[in-house]
Amino acid sequence: MSRKNYIFTSESVSEGHPDKVCDRISDAVLDAFLTEEAEARVACETFATTDRVVIGGEVRGPGSVIARVEEIARECVRDIGYEQHGFHWANMKVDNYLHAQSAHIAQGVDAGGNKDEGAGDQGIMFGYAVGETPELMPAPIHYAHAILKRLTEARKSGAEPTLRPDAKSQLSVRYENGKPVEVTSIVLSTQHESEDQTSADIRAIVEPYIREVLPEGWITDATEWWVNPTGTFVIGGPDGDAGLTGRKIIVDTYGGAAPHGGGAFSGKDPTKVDRSAAYAARYLAKNVVAAGMAERCLIQLSYAIGVSKPLSVYADTYGTGQVDDAAIEAAVQQVMDLSPRGIRKHLELNKPIYQRTAAYGHFGRAPDADGGFSWEKTDLVDALKKAV
């Protein structure tokens, strides 16, 4: 029996966090390739530090995109808002080390003869959904994202001109009878313009936005506030701390409320099951919960490089299931082809839809009309009910 009364904490980081700057650039490069060639293969990694961005990895696609990588990186950094001494979109040095995809990897992944397209690597992927929020996401990570997204909107609109791009949030949420009811502590650190601004000054700026985002009644007189607890935070972004693609995988997923297979998402084309199968697992778990089959659902998928079918499919409803977990495992395989090709076709993943995923989570977002966040749809509900 799972615990009913406890406190759980999750964190998020803004689009200006050094690691998220790198995720954004890697996904922008991916989108540029997919715009030119839907079947392009991309594994792009980015490193950022003081006045320098280094991009590397392997690709198979139009050479014209490789020639534009520096321009793509500068546009990402400009849009995020970095124009500071030590990291400025116009002045930073950009090194491009992208190269051709390994033929040995390609032979395992490519379809040919009687062989279907195989997974781009071995690995395990998890998807999770829970009825704590309308988005079927764990409340701590969902609202940690929402706080930073709202502050970014205020910064970019000019409403809060002294805020700067780098920021982190952390929420501790108290659960009662298994439901989130109260925030016991709020941690918010945000880069700001002037060393004359105190922690109290920053709290006065951010508190109204935090209260706007959190559900009514969740902030109480007992809620602890820790806003810029170390004091001054003027030097931020890659100038303050180096960044790297794929280093915020728990922020990207469920805030620690569910397992993670270990693979990062950003910069990888959808033949890489690290990304596409994690999206498929979330899609299936969300539809199981939306269908009323369980209050919580975890789906695990596993793959081997070059092999088209998943090696295993596992479901866990934590004792909340209205049907047996084994029945859910059978049903999800009936309603969706879980081969790498099947996932890409079902979710229409060969589109330039990835740059938008790089900050504020890959899950719990509204599906876009152009196919972005297609894995957040709940269009399998009827099929799952029928399969069970």
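View 1. Glu-182 belongs to strand S9, residues 179-192, with helices (H or I, at least four residues) and strands (E, at least two) taken as DSSP runs numbered from the N terminus. At a relative accessible area of 13%, Glu-182 is buried, the classes being buried under 20%, exposed over 50% and partly exposed in between, for a 1.4 Å probe and protein chains only. Apart from neighbours within four places in sequence, Glu-182 is in contact (heavy atoms within 4.5 Å) with Ser-172, Val-173, Arg-174, Trp-218 and Thr-220. This is a predicted model, in which local features need pLDDT of at least 70 and side-chain atom pairs count only at pLDDT 80 or more, whereas totals for chains, interfaces and linings use all residues. Residues are numbered from 1 along each chain as its sequence is written, and side-chain values use heavy atoms, with hydrogens and water left out.

View 2. Asp-23 is found in helix H1, which covers residues 18-36, and counts as buried because its relative accessibility is 0%. From this position the side chain of Asp-23 reaches the backbone nitrogen of Gly-246 at 2.8 Å. Residues up to four places away in sequence are not counted among the residues that Asp-23 touches, which are Leu-244, Thr-245, Gly-246, Asp-252, Ser-266 and Ala-358.

View 3. Three strands, in the order S7-S12-S13, form an open sheet with antiparallel pairing, two strands being paired if DSSP finds at least two bridges between them. Strand S7 (123-130) and strand S13 (312-316) are the edge strands, each pairing on one side only, and the twist from one strand to the next averages 15°. Eight bridges join S7 to strand S12 (residues 296-303) in the antiparallel sense, and Tyr-128 stands opposite Leu-298 in S12. Helix H9 (residues 325-335) lies across S12 and S13 and runs at about 130° to S13; axes are lines fitted to C-alpha atoms, for helices over the stretch in contact, and angles run from 0 to 180 degrees between N-to-C directions.

**View 4. Asp-324 in the loop between S13 and H9.** Asp-324 is found in the loop between S13 and H9 and is exposed, with a relative accessible area of 52%. A polar atom of the Asp-324 side chain lies 2.9 Å from the backbone nitrogen of Ala-326. The C-alpha atoms of Asp-324 and Val-388 are separated by 9.4 Å, although these residues are 64 residues apart along the chain.

View 5. The structure holds zero disulfides, a disulfide being a pair of cysteine sulfur atoms within 2.5 Å. For Cys-44, which is in no disulfide, the nearest cysteine sulfur is that of Cys-22, 9.9 Å away. Cys-44 is buried, with a relative accessible area of 0%, and Cys-297 is buried with a relative accessible area of 0%.

Terms used: Polar contact = N/O pair within 3.5 Å; in protein donor to acceptor, adjacent residues only side chain to side chain.
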